[in-house]
Amino acid sequence: MALRRFSSLLICSLLLSIVAFASEIDPEGVLRFSLGGEVSVLNPILSTDTVSSAVEGVIFSGLIAFNENLEPIPDLATGWDVSRDGKTWTFHLRKDVKWHDGAPFTADDVVFTFNSILDPKINSVRRSDYIIDGRPIVFKAIDKYTVQASLPKPFAPFLIHAAMSVIPKHLLAGKDINTADFNRKPVGTGPFIFKEWK
């Protein structure tokens, strides 16, 4: 018992030491942290590795996020409603959000993101998250700041998938998302703005 407790304390101490050495706060206000490898792509609908996702997570935002208790909280959405039958989800969007290039964030960006994931020409591994019993979830903009998702049937994990990072329609519409320059020079709505890839 004592040996097990000692082993647990030793492992916790080692993990804390690794975290302390892995991140360093610069007096100039620059946060540096190490990654487990090289980033492959900075487009959240395309990436498949945790390193890319870690960086994307601070550049982009989703409709919802999760707090420290893993409870869903508003992010780009101010809130959401669910129909009684559980098949229609309506997200009310924030009106004060701009993309890092200054363009306004709207419902069109949300619909564009999910429709791009569902597009078979786009190499997204997330497609199956938005297909239920072989039928896709239908996303539509009700107005500039309201998005509706119509599910083929109630699907409990849907709200988790609503946390998907949103990409900008104004920069990617009409382009081959698989090969777009955007994938190495992302523009998001998250707390950090991409500057350069070294």
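The model is predicted, with local features described only at pLDDT of at least 70 and side-chain atom pairs counted only at pLDDT 80 or more, while totals for chains, interfaces and linings use all residues. Residues are numbered from 1 along each chain as its sequence is written, and side-chain values use heavy atoms, with hydrogens and water left out.

The protein chain has a mean pLDDT of 88, and 87% of its residues reach 70 or more, where pLDDT is the predictor's confidence in each residue, from 0 to 100. Over residues 6-10 the pLDDT is below 50, and this stretch has zero contacts in the model beyond near neighbours in sequence, a contact being heavy atoms within 4.5 Å. Residues 14-23 also stay under 50, with five contacts in the model beyond four places in sequence. Where pLDDT is low, the predicted coordinates should not be read in detail.

The secondary structure of the protein chain comprises five helices and ten strands, taken as DSSP runs (helices H or I, at least four residues; strands E, at least two) and numbered from the N terminus. Of the 198 residues, 39% count as buried, that is, under 20% relative accessible area with a 1.4 Å probe, protein chains only. Among contacts between residues at least 6 apart in sequence, 56% join residues at least 24 apart.

Four strands form an open sheet in the order β5-β6-β10-β9, with antiparallel pairing, two strands being paired if DSSP finds at least two bridges between them. The edges of this sheet are β5 (77-82) and β9 (138-143), each of which pairs on one side only, and the twist averages 20° from one strand to the next. Strand β6 (residues 88-93) runs antiparallel to β5 and is joined to it by five bridges; within this pair, Gly79 has His92 as its bridge partner, and Trp80 stands opposite Phe91. The hairpin of β5 and β6 has five residues between the strands, and there Gly86 takes a positive phi near 75°. On the β10 side, β6 pairs in the antiparallel sense over five bridges, with Val147 in β10 as the bridge partner of Phe91.

Helix α3 (residues 107-118) lies across β6, β9 and β10 (146-150), and runs at about 170° to β9, where axes are lines fitted to C-alpha atoms, for helices over the stretch in contact, and angles run from 0 to 180 degrees between N-to-C directions.

How values were computed
Buried means under 20% relative accessible area, exposed over 50%, partly exposed in between (1.4 Å probe, protein chains only).
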